[in-house]
Amino acid sequence: MLVPPLPPQAGVVLVLLAGALLSTGGGCGGSGSGGGSSASDSVLIYAQPEDPKTLDPINTDIAEAVHVLTNVFDTLVTYDDETTEIVPALAESWEHSEDGLTWTFRLRPGVTFHDGTPLTSEAVKVSLERLTQEKHPLVFDTARPYRSAYAMIDQIETPDESTVVLKLKAPSAILLANLAMFPASIVSPTALTKLGEKSAEHPVGTGAFKFVEWSRDEKLVTAAFDEHWRGRPKIDQLIFVPVRENATRVQRLSRGEIHLADSLTPVELDSLAKRSELAVQEAVGMNVAYLAMQTEKPPLDKLDVRRAIYMAIDKRALVKLGYAGHAQPAVSMVPPAMWGYSDAFEVPPYDPPAAKALLEQAARQHGFSLPLKLRLSVMNQARPYLPQPQAIQGYLKEALAQIGVEVSIDARDVNQHFEHLMAGRHELGLAGWFSDNSDPDNFLYSLLDSDNISEAGNNLSRYRSERFHELMLAGQKELDTAKRLELYREAQALVAQDLPVVPLVHTSQRAAHVKRLQGFTLHPTGLVRLHQAHFAEAGAP
Amino acid sequence: MDTTANSDADSRPPASRSWQRFRRSPSAWIGGGIVAVFVVIAWLAPWITPYSIRQTSSADRIAEPPSREHLLGTDQLGKDVLTRVMYGSRLSLLAGVISISLAIALGTPIGAVAGYFGGRVDSLLMRGIDVALAFPSVLIALLVAASLGASWWAVVIAVGLINVPVFARQVRATVLTVAQLDHVLASRAFGATWWHIVWRQILPSLTSPLTVLASLSLGTAILEVAGLSFLGLGGDLTVAEWGAMLTIAKTYWSSNVWLALGPGLAISLSVLGFNLLGDALRDALDPRSDASLL
């Protein structure tokens, strides 16, 4: 069955929701939280700045889609609810051979997909082979931005229904962390075969919430999955709505029409935190906001030019201007909260006069004229790591003007923005990254390795360094943590030398929700898991 | 003759009578005054703004309400809003003038040809204009922005195109009337070429209706430019442009309403100024308004 039947209350809820939507549209500001508390208690509405583009786990890296995927799908292993420790999920247990080349996973018995298909080793094989194989009959869009993260898997064997054996090309320290990431979500093979290309709009997994319907740019409805292996979620429905305007998200949150919102500006969050009916959560974030410099485009291919740009930017000012202090200046792409972080290297100082001199010298040497005209590609919507893109782009434009770089702004909606950057069509690009797993490989390899230069690769600076690539590959194979740390230290120092990017800041994660919402905590990796979320009894503040 | 029996006003040439009517109109003074102030501000912006447009951002003053140092408060980068609004008048006036010039440049030939030749040419051109008028202006603007990419120029061109039909119609109507006047018919009888007639006899008579229409449309054009760049079609939100400033103000709506005050007031005032001026010009230049004075 393609569309599972709606739970009995769903009809009422949808009518209420439609009413709420209409009242916002009309601007008459009706209170959504007033009426029908019993019905609204079973529905959680999560407002995101954008609608996902696709719900195929292998084909996205946009946070809005990931937030949906982590609730609809499960992975073999996952993170503890509060820490980044890897715990069993669909795999109940696992072990690896002495040489680290063979990993055996035992699947949890009795798990079914939303469409009734039982979870078997074959389903795991199909899901992972969609990532590992160059051509796979069930891959409908070959972009697959995360493919390289699974390149260590050589073969997937299924000795019996509940055992999966991964044969690796080389020992891998990042296998488990990468299997916990959303691209490795286990997808129902029946649904893939049956729906074909349409499966990107109709995800069928084993997650706590099953997909119900999606009217693009309007709402994405999921409902509690009764047979989930962790037990049925506490709420009946989880609805994702795209609300592009920050101000609208704030208004709707304070009217109780939506229950959870992220990517709000720090100033807004500070003022929301004072409201009695709302709560603002803050947690250390594993993220980085950075400026990608397209190193293939002259004169950005010259180290001196990139160095001058680096020296023109005052990260401390950015923390105040763009984050109201809820961030810290970045020296490395790896966030300090993450294992593997290093700052044991020199970075160019903030020194505009020296930057200007350096740029002038580079201009003479390489024969380009000043002011140097560069395009800065930016996104229109706020990102968790860039809550106020306009303030940041305004600051960057001004900071670079001081050293003789004339910046023109090239703004796009976030999905197109990242397509533009991945294809390398930008000169300077504002970007950021949220950890998908708790491994530095996820930042360094994903964002800077030459393996990830393609039309849909995340090496936005198109940075090519042989030594860096060697270090990355060695780091993936090295099982000794102390030795891995050394490799990543060197890699981070190398980035600080070659400067393909300007790491700007690491932001605290913040989200606002109605106070009645409980059982939701920000996860260090930025994952939003709503299995435990529920509303407090009416009457509680 | 009985001219001597008439009032002084009637004995003077029409231009002088128009000028007198214009001077007596309060809306001419108010509208002209507002427009003059904006023109002066735009012209002298680099010398008269309280702070430099290149003022550096300051993290200590983000989005502050109005104060003695910053009469309209500070923006998201801690810059003086008044300074940016004053600079914004440059872009806005320029955008208005360029787009209306574009509309005149395209609309006048279309209207003149349609009005002078009449018949099939007229129907063809005017039906085209009708179709263009039937499109919502925002749609045209979106098409232009989509083909040129979001930028200030895209917005200006879009606003110009939106206004072409308005000018084409006005010109056609005037040409239709003027082409039937005795002196034009006489030239035609003497064998003047159509080019000579249009260029030397018809176009000069377009000056006053076009002046009125241009001045009325300038206000609308400024509003449209601000509106389109508010919608993000202007591309760069960091420039000191009224519409772009409003877009950013919207983000801060919940925490600081003051940010919208400066650009919002500037747009309202400039549009009011051009509308009042246009009204006064129309009253002064329209021969029919003679009757109302008598």
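Predicted model: local features only at pLDDT ≥ 70, side-chain atom pairs only at ≥ 80, totals over all residues.
1. Let's start inside chain A: two residue pairs are in polar contact between domain 2 of chain A and domain 3 of chain A, both residues being at pLDDT 80 or more. A polar contact here is a pair of N or O atoms within 3.5 Å; within protein, one must be able to donate a hydrogen and the other to accept it, and residues adjacent in sequence count only if both atoms are side-chain atoms.

2. Residues are numbered from 1 along each chain as its sequence is written, chains are lettered from A and ligands numbered from 1 in the order in which they are written, and side-chain values use heavy atoms, with hydrogens and water left out.

3. Together the two domains bury about 1400 Å², 59% of it on carbon and sulfur atoms. Buried area is the accessible area (1.4 Å probe) that two parts lose on being put together, summed over both. In domain 2 of chain A, the residues that lose the most area to domain 3 of chain A are A:Ser148, A:Ala173 and A:Ile174, together 34% of what that side buries.

4. How many salt bridges cross between domain 2 of chain A and domain 3 of chain A? The count there is zero salt bridges, a salt bridge being a side-chain nitrogen of Lys or Arg within 4 Å of a carboxyl oxygen of Asp or Glu.

5. Now look between the chains. Chain B and chain A have three salt bridges between them; B:Asp236 and A:Lys397 form a salt bridge through their side chains, at 2.7 Å from N to O. The side of chain B that touches chain A has eight nonpolar, ten polar and five charged residues. The contact involves 23 residues from chain B and 23 residues from chain A, and about 1800 Å² is buried between the chains, 57% of it on carbon and sulfur atoms.

6. On overall build, chain A has 16 helices and 21 strands, while chain B has 13 helices and zero strands. Helices (H or I, at least four residues) and strands (E, at least two) are DSSP runs, numbered from the N terminus. The C-alpha atoms of chain A fill a box of roughly 75 × 65 × 35 Å along the principal axes; for chain B, the box is roughly 75 × 50 × 30 Å.

7. Finally, check some loops in chain A. A cis peptide bond joins A:Pro298 and A:Pro299, with omega about 0°, and A:Pro299 is in the loop between strand S13 (287-293) and helix H9 (303-312). Another cis peptide bond joins A:Leu370 and A:Pro371; A:Pro371 is in the loop between helix H11 (352-366) and strand S15 (372-379).

Methods. Contact = heavy atoms within 4.5 Å. Nonpolar A, V, L, I, M, F, W, Y, C, P; charged D, E, K, R; others polar.
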